[in-house]
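Hi there,

Here is the structure I promised to pass on to you. Have a look at it first, and then read my notes below.

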Amino acid sequence: ESGERKAKVEKMFGFMDAFLKNDSFSLQKDILDHVEYTVARSRFIFDDFEAYQGLSYSVRDRLIERWHDTHRYFKKKDPKRLYFLSLEFLMGRSLSNSVINLGIRDQYADALNQLGFEFEVVAEQEGDAALGNGGLARLCACQMDSLATLDYPAWGYGLRYQYGLFRQIILDGFQLEEPDYWLNFGNPWEIERVHVSYPVKFYGTVEEEGIQGQTIKVWIPGETVEAVAYDNPIPGYGTRNAINLRLWAAKPSDQYDMESYNTGDYINAIMDRQKAETISNVLYPDDRSYQGKELRLKQHYFFVSASLQDIIRRFRDDHNNFDEFPEKVALQINDTHPSLAIAEVMRVLVDEEHLDWSRAWDITSRVFSFTTHTVHVEALEKIPVDLLGNLLPRHLQIIYEINYKFMEELKSMIGQDYDRLSRMSIVEEGAVKSIRMANLSIVCCQIVNGVSKVHLDLLKERVFKDFYELWPQKFQYKTNGVTQRRWVVVSNPNLSSLISKWLGTESWIRNVDLLAGLRQHVSDPDLQREWKMVKKVNKARLAEYIETLSGIKVSLDAMFDVQIKRIHEYKRQLLNILGIIHRYDCIKNMETSDRRKVVPRVCIIGGKAAPGYDIAKKIIKLCHVVAEKINNDADIGDLLKLVFIPDYNVSVAELVIPGSDLSQHLSTAGHEASGTGSMKFLMNGCLLLATADGAIVEIMEEVGADNMFLFGAKVNEVPALREKGASLKAPLQFLRVVRMVRDGYFGFKDYFKSLCDTLEDGKDFYLLGYDFASYLEAQAAADRTFVDPEKWIHMSILSTAGSGKFSSDKTIEEYAKHTWGIEPCKCPF
Ligand code: OAK
């Protein structure tokens with residue numbers, strides 16, 4: 001472009017930007033126009049929800065401008081692109097995040113104010129986009145924010161579930177699940193792309209055809225479903241770049257099927273077609289074990305096929321030689337869920353592009369990278385061969401072929417070690433012959449990433465030991481991170497302003513290393529006072545929420561002690577509850593005069609249990625019966641309260657985290673791949689009480705072990721402890737509290753029997769008994785520190801100051817350099 005034209009465009013942008021930012025009247029008109037014309041409500045009478053809609057459509061317009069500019073620029077520059085494939089994205093709300101990232105929050109807040117609305121109240125109207133289960137899904141959302149902010153040419157691809165993660169209802173202390181009708185009131189943040197749609201095929205047969213003296217395989221599918229794109233712009237912070245998250249929805253195909261219509265059964269023919277939509281209907285709510293369900297497999301392939309058609313179409317716009325594919329495309333598979341993509345790329349290259357196998361394999365193995373998010377073998381996907389062969393017959397053949405070649409190669413390297421060969425095979429023989437998707441991914445990808453240092457060690461030593469010994473250079477790790485934009489700037493604006501004030505800059509929002517600068521002020525009484533004040537305000541907000549939810553009034557002087565995450569045995573919410581029972585029991589048995597020395601606590605627990613996970617559901621019920629007892633005990637008063645926060649989600653986390661003093665991360669060492677909740681608390685100046693598991697080990701290195709409360713067996717001690725079985729005796733205090741539950745002290749004696757049974761000597765797989773004493777010591781240390789407010793604040797400031805390493809910006813930069821090979825591509829205006 002000529003310099004003259006560039007200058008002109010820049011001037012126009014400058015003008016528009018200033019205009020938007022300063023002309024409150026235009027913003028108001030914009031909001032009102034959307035209320036009147038898009039939402040179709042009168043501009044004279046509309047409520048908070050309609051104000052939210054009008055406002056969101058106005059903000060969306062601003063997003064779309066940037067998003068168009070960004071994509072036009074990417075197209076012009078044609079950099080290597082990253083395609084981030086994930087079946088789950090846990091985005092939460094978009095409004096506040098968008099206006100903050102666009103740099104127009106205050107302008108919109110003022111404009112709304114003049115219309116008689118309050119920004120915070122209007123923002124509360126938005127529901128969560130909960131298209132994911134937990135850690136893995138929220139991580140993707142944080143990474144999208146970082147990819148946009150750091151100007152990487154990236155696309156996210158996922159599924160647009162009609163129903164996101166279930167809503168958790170608590171009835172008499174039991175969890176019930178309700179569908180999440182998140183789209184019922186429309187979704188201003190998405191753009192339906194009716195013209196971006198692809199046919200996705202299933203079932204059928206594979207036939208052989210001779211073409212130019214060669215036999216090729218042809219897949220004759222039996223069913224076609226249409227995938228329609230819904231685009232969700234993701235704005236970066238402090239940049240004009242806005243990237244795209246493209247989610248696919250299933251629609252009946254309009255390919256006219258003469259036969260079914262001609263049979264005269266018009267109504268049934270239409271109903272059959274309608275069934276196609278069920279593919280993207282619902283998110284599977286289990287993040288614990290893989291079940292070979294056909295619908296789930298269909299979702300995976302539907303997603304993979306649509307995404308790859310889109311990616312390949314974009315590649316073809318500017319390239320016609322697939323040898324260039326790995327130079328222009330990086331495909332990231334987020335856990336194994338999208339790993340059918342490997343077979344699909346091979347199918348396209350071999351069957352449709354007629355490349356020979358080895359050339360196709362060379363290309364395929366250079367485009368993919370794979371990150372695994374678990375240490376649990378039960379969570380690794382195994383697809384029954386019968387299921388796969390029926391739904392995707394050609395893909396099964398391709399996977400067999402990949403495995404055959406891999407096995408030949410392996411034999412030539414390790415000889416006839418059949419045990420090892422069968423462990424490493426992509427195909428698992430056995431009662432149900434299955435495909436091991438993790439093995440497929442490792443065989444194909446040049447880089448396999450873990451999500452923390454400890455996780456990588458476990459992958460090397462246990463989960464993928466055989467593969468590590470074969471290909472040590474493949475295995476790497478990138479420590480997970482969270483975005484400081486959402487987890488501090490959006491959710492804790494008071495802390496955010498305080499940090500900027502003391503650092504003398506807002507640059508930490510993009511350059512998180514600057515947070516370390518807080519260390520030099522840690523002893524300043526002014527900072528300490530202001531820091532304490534911010535916490536108090538956030539605690540008051542949380543206390544209000546608790547009161548509205550449960551009617552329980554909590555004291556702001558108490559320590560707010562929080563454990564929020566999915567409910568799992570390995571995350572040991574049960575250890576927390578048993579610790580609370582112990583605390584209660586101690587207070588009850590104290591002389592009244594000694595009670596004055598007790599540090600008052602508000603214990604907060606929140607999280608969803610997978611609908612079929614019985615033990616996890618019992619843990620939720622136990623929490624409720626214990627709370628009932630404690631909260632209504634006149635002897636206890638403000639010394640101890642227990643609150644279960646129902647329907648934990650991203651928005652609830654945004655409210656709870658800033659208002660917590662202490663946060664608990666109790667996984668049995670060696671079970672949490674990383675954990676990212678801890679990072680959000682750390683950034684918000686909460687102290688951590690934790691086991692040395694997952695990313696906690698690295699947090700320890702950054703903030704110092706004496707700046708947190710650590711306890712419990714270490715990763716390398718756990719296997720030997722388990723070996724000891726029943727000879728590993730639990731301490732008396734532990735037996736006493738378990739007995740209380742067992743004997744029906746809190747009621748529901750029969751119901752809790754199976755839960756108590758998991759804690760018996762020799763059956764206590766997660767080592768609650770073994771860790772109990774050191775857990776109580778860590779809790780006592782937290783109490784002692786809390787009564788020294790200066791010390792506590794000191795540790796709190798150092799927590800935030802040491803949290804820089806755990807920004808997703810860091811993770812993404814590492815991936816970009818060492819895994820994907822992509823460079824920033826910053827839209828200049
Ligand atoms: C969910 C389903 C299958 C496999 C893994 C998960 C999952 O959510 N894993 C979690 O991923 C987070 C992000 O990497 C980690 O921080 C958690 O430790 C891990 O449990």
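What follows is a short tour of what turned up.

Please keep in mind that this is a predicted model.

Let me begin with Glu-344, which sits in helix α12, spanning residues 340–352. Is Glu-344 buried or exposed? Its relative accessibility is 2%, and because buried means under 20%, Glu-344 counts as buried. Its side chain makes a polar contact of 3.0 Å with the side chain of Arg-347. Leaving aside residues up to four places away in sequence, Glu-344 also touches Tyr-301, Val-304, Ser-305, Leu-308 and His-395.

On the surface, there is a nonpolar patch formed by Met-12, Phe-15, Met-16 and Phe-19, which together have about 400 Å² of accessible area. Of these, Met-12 belongs to helix α1 (residues 3–22) and, at 48% relative accessibility, counts as partly exposed.

Now for the aromatic rings: a search of the whole structure gives 32 aromatic pairs. One of them joins Tyr-745 and Phe-746, with ring centres 5.0 Å apart and planes at 75°, so this pair is edge-to-face. Tyr-745 is partly exposed at 34% relative accessibility, whereas Phe-746 is buried at 8%. Tyr-751 and Phe-752 are also edge-to-face, with their centres 5.3 Å apart and their planes at 70°. Here Tyr-751 is partly exposed, with a relative accessible area of 24%, while Phe-752 is buried at 0%.

Finally, look for the aromatic cluster made up of Phe-74, Tyr-83, Trp-155, Tyr-157, Tyr-198 and Trp-248.

Enjoy exploring!

Best wishes

Methods: Residues numbered from 1 in each chain as written. Predicted model: local features only at pLDDT ≥ 70, side-chain atom pairs only at ≥ 80, totals over all residues. Heavy atoms only, no water. Helix = DSSP H or I, 4+ residues; strand = E, 2+ residues; numbered from the N terminus. Buried < 20%, exposed > 50% of the residue type's maximum accessible area, 1.4 Å probe, protein only. Polar contact = N/O pair within 3.5 Å; in protein donor to acceptor, adjacent residues only side chain to side chain. Contact = heavy atoms within 4.5 Å. Patch = residues over 30% accessible without salt bridge, like charges linked within 9 Å, V, L, I, M, F, W, Y side chains within 5 Å. Areas by Shrake-Rupley, 256 points an atom, 1.4 Å probe, with all protein chains shown as cover. Salt bridge = Lys/Arg side-chain N within 4 Å of Asp/Glu carboxyl O. Phe/Tyr/Trp six-rings, centres within 6.5 Å; stacked < 30°, edge-to-face > 60°.
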